[in-house]
Amino acid sequence: MDIFIQQLVNGVVLGSIYALVALGYTLVYGILGLINFAHGELVMVGALVALSVVRTLSPLLPGLPGWVLALLGTAVAAGVCALLAILIERVAYRPLRHAPRLAPLITAIGVSIALQNLAMVIWGRQYHSVPPLLPAASHQFAGAAITEVQILIVALAALLMAGLIGLVHRTRLGRAMRACAENIQVAELMGVNVNAIVVAAFVIGAVLAAVAGVMVSANYGLAHYHMGFLLGLKAFTAAVLGGIGNVGGAMLGGLLLGIMESLGAGYLEDLSGGFLGSHYQDVLAFFVLILVLVSRPSGLLGERVGQRA
Amino acid sequence: MKIANRWGLALAMVIFAGLTGCGKKEEPPAPAPAAQPEVTVKIGHAAPLTGPQAHLGKDNENGVRLAIDELNAQGLEIGGAKVKFELLSEDDQADPKTGTLVAQKLIDAKVSGVIGHLNSGTTIPASKLYNDAGIPQISPSATNVTYTQQGFNTAFRVMAHDGQQGKVLGEFAVAKLGAKKIAIIDDRTAYGQGLADEFEKAVKGAGASVAAREFTNDKATDFMAILTKIKGKRPDLVFYGGMDAQAGPLAKQLKSLGIKAKLLMGDGGSTPEFVKLAGDGAEGAYSSLPGVPLAQMPGGQAFGDKFTAKYGQIQLYAPYCYDAVYVMVEAMKKANSTEPAKYLPELAKIAYKGVTADISFDDKGDIKGGAITLYQVKNGKWEVLETIGGAAPESAPAPAAADGAAKTQ
């Protein structure tokens with residue numbers, strides 16, 4: 001039983017990270033119908049910028065407690081990622097907003113490759129070890145071990161997601177975003193500054209990505225230039241699973257995917273009588289994705305896609 | 001448009017002509033001072049220079065480069081001509097498919113020999129291409145048994161293979177570490193899986209049981225799920241067959257889950273990078289590395305100093321790469337030719353005192369009497385525990401451990 005709870009804990013931690021990244025995909029898709037494949041790279045940039053900040057500051061201010069350093073690093077990373085997202089939107093997506101849908105998809109992939117290579121030039125090709133700024137103490141929770149970093153990840157992710165839901169449903173900006181998601185041309189005719197809303201969506205996604213990047217690097221103790229690619233792909237899957245374009249769906253999809261991977265690795269072998277090993281965890285996750293999409297083509301919480309412009 | 005294009009074309013031609021002209025102008029002065037002819041001998045090298053193993057690939061490349069720079073400074077003469085070695089280094093991304101592409105590229109560039117590849121997974125498919133082209137290949141680090149068992153007379157390695165390493169590791173785990181229940185994880189590459197299979201055979205032979213056999217991949221960073229599963233089986237030792245980029249976070253997560261089992265790895269985890277990545281999870285981990293510790297080899301310390309001064313810390317295989325180049329050039333000197341077909345027979349019967357071992361090859365191309373050294377992380381540093389087999393390679397009969405393994409293959 002304690003093993004089951006441990007697997008569940010592993011899944012929730014992994015899922016919280018997926019969910020945070022998935023939100024970035026879903027926000028942009030909801031408004032523009034664009035799959036921003038460069039989003040995963042923002043996670044990587046966030047992690048590496050935060051690492052650089054921590055590395056430069058810690059010898060300058062030796063007395064500073066670890067959490068302050070981590071906070072400063074995250075803040076700078078969020079700022080850099082936000083600026084980068086604005087730049088990417090302006091250079092790679094806005095000129096193509098009325099182009100056929102495939103064109104921005106290709107530029108998104110191009111931006112992703114360009115960012116990876118840029119990061120490789122700046123930070124090098126090696127794996128960077130991330131200094132343990134936050135207490136690594138491990139707590140027992142119903143027989144499962146969970147570190148303080150992991151507790152922080154889950155709590156912070158929950159907080160950010162609650163904040164985002166508040167933003168989308170309670171504020172003027174949120175209303176404008178929902179209007180754009182409904183119909184971007186009509187929203188524009190109604191006096192919504194569409195460009196500003198699009199930029200806002202990119203910036204919010206980028207900040208969440210930066211936070212996710214810091215979380216991932218703190219959790220695994222490492223950061224490297226291609227850490228964003230696979231994570232981005234998984235988060236995109238989570239967004240599709242939950243219903244891309246739907247904020248709640250991204251969270252649900254992220255958590256589900258994380259838990260599925262974790263339980264899949266833990267129990268697939270026993271369930272299949274030793275025929276499938278734990279390395280089929282991705283196969284299981286994607287098999288569930290296919291099943292969901294066949295029965296609900298727009299994802300678990302997704303709306304009908306036909307209406308979208 | 002058309003006119004613009006023509007102008008563009010003309011401009012490009014002018015630039016091109018200028019460039020090639022410059023290139024030509026630079027070349028003649030070089031051989032002028034020396035009256036004798038100079039030949040350029042291309043040495044190929046392939047390793048992952050991007051991706052999770054880039055630090056190891058770069059380390060290999062630096063090992064090769066150091067040897068080539070030294071040899072060029074010596075001003076060797078082979079076959080009556082002054083020889084200048086040129087390094088052609090390719091990135092195979094640790095990917096078998098890319099490995100064969102860069103192998104073909106090196107063959108097309110008419111290299112005289114190849115040092116590489118780093119991974120078994122890339123070395124094995126590439127070795128067929130080199131064999132078809134008759135180009136000698138010395139892998140510094142591919143330890144999968146299959147590499148030299150394919151009947152290719154061009155395939156050599158300067159490191160003990162996994163049959164030997166797995167056996168030593170297995171016996172060490174059971175006899176010295178007292179492990180009875182063992183969990184094995186590998187990264188599903190030719191190297192990781194090959195070593196894990198040999199290890200599994202050895203521990204079963206020594207009377208221990210394998211409680212779990214789990215798999216990951218060579219890009220993974222999250223091992224919580226499989227480690228949790230392993231935790232439920234309560235093993236007293238966890239073996240990982242794979243590289244340091246995965247072994248580091250794996251050790252960290254092992255610790256954070258509160259698993260008390262000892263961690264044992266092959267050569268892929270035996271790096272300073274592992275210690276850095278694993279953080280507080282590194283302490284007490286064991287690993288093996290084919291060869292004798294550098295400090296104990298004649299010339300080993302000197303090599304270490306030279307390398308560190310030029311490129312910084314040695315990661316893993318740089319000394320083996322350095323030796324591989326010298327072995328290849330030694331064969332060229334003996335044959336008095338840099339042509340693959342002429343120096344290949346000399347390479348097969350070479351006897352060379354390298355910095356990692358006294359190198360000579362058996363009829364398959366494996367190093368004779370390869371020693372294997374066991375290490376443990378103590379106070380954040382890999383410390384030598386013991387060297388098993390092949391410590392005195394001068395004596396003809398190789399020690400039992402290594403010899404027995406070689407025969408069973």
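## An enclosed helix

Of the 31 residues of helix H1 of chain A, 26 are buried, so this helix is largely enclosed by the rest of the structure. The model discussed here is a predicted one. Helix H1 of chain A runs through residues 2-32, and from its first C-alpha to its last it reaches 45 Å, which is close to the 45 Å expected at 1.5 Å a residue. Just after H1 of chain A comes A:Gly33, a residue that takes a positive phi of about 70°.

## The contact between chains A and B

Chain A and chain B bury about 2,500 Å² between them, and 57% of that area lies on carbon and sulfur atoms. Within chain A, the residues that lose the most area to chain B are A:Arg125, A:Tyr127 and A:Tyr220, which together account for 27% of what that side buries. The contact draws 29 residues from chain A and 30 residues from chain B.

Between the two chains the count of salt bridges is zero, whereas five residue pairs are in polar contact, with both residues at pLDDT 80 or more.

## What chain A brings to the contact

On the side of chain A that touches chain B, two or more residues each come from H1, strand S1 (128-129), strand S3 (144-147), helix H8 (194-220) and helix H10 (247-271) of chain A. The largest share, five residues, is given by H1 of chain A, the helix that is also largely enclosed by the rest of the structure. Sorted by class, this side of chain A has nine nonpolar, 18 polar and two charged residues.

Technical notes. Residues numbered from 1 in each chain as written. Chains lettered and ligands numbered in written order. Predicted model: local features only at pLDDT ≥ 70, side-chain atom pairs only at ≥ 80, totals over all residues. Heavy atoms only, no water. Helix = DSSP H or I, 4+ residues; strand = E, 2+ residues; numbered from the N terminus. Expected span 1.5 Å × (residues − 1). Buried < 20%, exposed > 50% of the residue type's maximum accessible area, 1.4 Å probe, protein only. Contact = heavy atoms within 4.5 Å. Buried area = accessible area lost by both parts, 1.4 Å probe. Salt bridge = Lys/Arg side-chain N within 4 Å of Asp/Glu carboxyl O. Polar contact = N/O pair within 3.5 Å; in protein donor to acceptor, adjacent residues only side chain to side chain. Nonpolar A, V, L, I, M, F, W, Y, C, P; charged D, E, K, R; others polar.
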